[in-house]
Amino acid sequence: MENTTLHFTDLGIDTRLETQLAHQGITQPTDIQAHAVPTALAGHDIFAQSKTGSGKTLAFLLPAVQRVMKQKALSKRDPRVLIVAPTRELATQVFTQLRLLIAGTNIKAVKILGGENFNDQIKALRKEPQFIVATPGRLKDMIKRKMVNIRSIEYCVLDEADEMLNMGFYEDIKDILKNTPNDKDSWLFSATMPPEVNVIAKKFMHDPKEITVGTKNSSAKNISHQYYIVGARERYNALGAVISLNTDIFGCVFCRTKIETQKVADKLIKDGYKAAAIHGDLSQNQRDAVMQSFRKKKIQLLIATDVAARGLDIPLIQHVINYDLPQVPEDYVHRIGRT
C-alpha cells in the first residue's frame with residue numbers, strides 16, 4: 001500500500017535517489033518504507049515485519065545506499081553493507097534493485113551466491129565493493145577461506161530471517177554475525193515474525209525499534225482464498241480441473257518436495273500445458289532460464305518448492321495453487337503473497 005501523503009524526500013531520501021526511483025515508476029513510499037527509512041537513517045537497529053509485496057527491499061536499500069553515498073571515503077577497502085537473504089532468487093532480486101539505485105554513482109556491489117561461479121565472485125570482491133548481497137552458505141564458506149572480510153561493515157541486513165531459520169541457517173547466520181563488528185547498525189526485515197526470530201534479534205541487535213505494518217503473520221486482504229477437499233490420488237485431476245476453468249491462468253503451483261514438483265511439472269507438460277519446475281536440484285543457470293521464461297510468459301505455470309516463495313517477484317500473477325499444504329502456516333503467507 002502506498003502512503004499517498006508522503007514523498008521519498010519527506011523521509012530524508014536524497015533527490016538523486018528519488019530520481020532513480022521515478023525512472024522505475026516509483027513515486028511514493030509504501031507504509032513499511034515510510035516507517036523504516038527515517039528510523040534507519042536516524043541510526044537505529046530495526047526489527048520490522050510487513051507482508052510480502054509491501055516494499056521491504058527498498059525499505060532497507062534506500063537508507064543503506066543513502067548513508068554510503070553521504071560518506072566521502074568510498075575508497076575504503078572493506079565492504080560497508082552486508083545483506084543476507086535465504087535464497088538465490090531473493091538475493092538476486094535484492095541485487096538487481098540495488099544496482100538500479102546505485103547506477104551513475106561510484107558505489108560498487110557484488111553478490112555472493114551458491115550455484116554461481118566462485119572465481120567470478122572472487123574477482124568482483126577484489127574490486128572493493130561497498131555492498132555485499134549474499135546467501136548464508138556461500139558467504140560462510142568464503143569467510144572460512146578468508147576470501148571476504150566483513151569485520152568492518154557498518155550496516156547489516158537480514159532479509160526474511162524467519163525463512164533462514166526455517167531452512168536451517170541459524171548456525172550459519174550466527175557464525176556470519178560473529179564476524180561483524182558489535183557497533184554496526186542491524187536491520188531485520190521479514191513478512192512473518194515467529195518467536196524464533198526474536199532469538200536472533202535479542203542476541204545480535206541493540207535496542208531495536210520494532211516496526212509492524214499490518215497484522216503480524218497475516219496475509220493480504222485483497223486475495224481470494226478457495227479450497228477443495230480431494231483424496232491424495234485425485235489431486236492431479238483436481239489441479240487439471242482448476243486450470244481448465246481458468247484458461248488464461250498465469251501462476252504458481254507449490255509442492256512440498258523437489259520430487260513432487262518435477263513430477264507435477266512433467267505431467268502438465270505431457271498434458272499440453274506450458275509449465276516448468278523450479279527447485280533446489282536445478283543448477284543456477286537452469287533456474288535463471290526458467291524464471292526468465294516465466295517472466296516473459298512463455299510459461300504459464302511455474303511448479304515450485306517453497307524456495308520460490310521468497311524472492312519471486314513477477315507482476316500480474318493471477319493464481320497461487322497449493323498442491324501440497326506447507327509445513328508451517330508462515331509459509332502459506334509467503335506462498336500466496338506471490339499473487
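View 1. At 17% relative accessibility, Lys-174 counts as buried, where buried means under 20% relative accessible area, exposed means over 50%, and partly exposed lies in between, computed with a 1.4 Å probe and protein chains only. This is a predicted model, in which local features need pLDDT of at least 70 and side-chain atom pairs count only at pLDDT 80 or more, while totals for chains, interfaces and linings use all residues. Residues are numbered from 1 along each chain as its sequence is written, and side-chain values use heavy atoms, with hydrogens and water left out. Lys-174 forms a salt bridge with Glu-171, the closest N and O atoms being 3.2 Å apart; a salt bridge is a side-chain nitrogen of Lys or Arg within 4 Å of a carboxyl oxygen of Asp or Glu. Glu-171, with a relative accessible area of 43%, is partly exposed. Because the two residues are three apart in helix H8 (residues 170-178), about one helical turn separates Glu-171 from Lys-174. Helices (H or I, at least four residues) and strands (E, at least two) are DSSP runs, numbered from the N terminus. An α-helix has 3.6 residues a turn, so residues three or four places apart point the same way.

**View 2. The buried residues of H8 and their cover.** Asp-172, Ile-173, Lys-174, Ile-176 and Leu-177 are the buried residues of H8. Their cover includes strands S2 and S5, together with helix H6 (136-144), helix H7 (161-166) and helix H9 (195-204).

View 3. The side chains of Arg-67 and Asp-185 meet in a salt bridge, at 2.8 Å from N to O. Since Arg-67 lies in helix H3 and Asp-185 in strand S6 (residues 185-190), this pair ties together parts that are 118 residues apart in sequence. Both Arg-67 and Asp-185 are buried. Asp-14 forms a salt bridge with Arg-16, with the closest N and O atoms 3.0 Å apart, and Asp-14 is likewise buried, at a relative accessible area of 14%. A network of salt bridges links Asp-14, Arg-16 and Lys-70, and the structure holds 12 salt bridges.

View 4. Seven strands form an open sheet with parallel pairing, in the order S3-S4-S2-S5-S6-S1-S7; two strands pair if DSSP finds at least two bridges between them. Strand S3 (109-112) and strand S7 (209-213) are the edge strands, each pairing on one side only. From one strand to the next, the twist averages 15 degrees, with axes taken as lines fitted to C-alpha atoms, for helices over the stretch in contact, and angles running from 0 to 180 degrees between N-to-C directions. Strand S1 (residues 46-50) runs parallel to S6 and is joined to S6 by four bridges, and Gln-49 stands opposite Ser-190 in S6. Helix H3 packs on the sheet, touching S1, strand S2 (81-84), strand S4 (131-134), strand S5 (155-159) and S6, and the direction of H3 makes about 160 degrees with that of S6.

**View 5. The nonpolar cores.** A nonpolar core is a set of buried Ala, Val, Leu, Ile, Met, Phe, Trp, Tyr and Cys residues joined through side-chain atoms within 4.5 Å. The largest core has 41 residues, of which Leu-62, Val-65, Ile-83, Phe-131, Trp-187 and Phe-189 touch the most other members. Helix H3 (residues 56-70) supplies the largest share of this core, nine residues. Leaving aside neighbours within four places in sequence, Phe-131 is in contact with residues including Ala-64, Val-65, Val-68 and Ile-83, contact meaning heavy atoms within 4.5 Å.

View 6. Four strands, with parallel pairing, form an open sheet in the order S9-S10-S8-S11. Strand S9 (275-278) and strand S11 (319-322) stand at the edges with a single partner strand each, so one side of each is left without a neighbour in the sheet. Strand S8 (residues 251-254) and S11 pair in the parallel sense over four bridges, and Ile-321 in S11 is the bridge partner of Val-253. Helix H11 (residues 258-270) packs on the sheet, touching S9 and strand S10 (301-304), and the direction of H11 makes about 170 degrees with that of S9.
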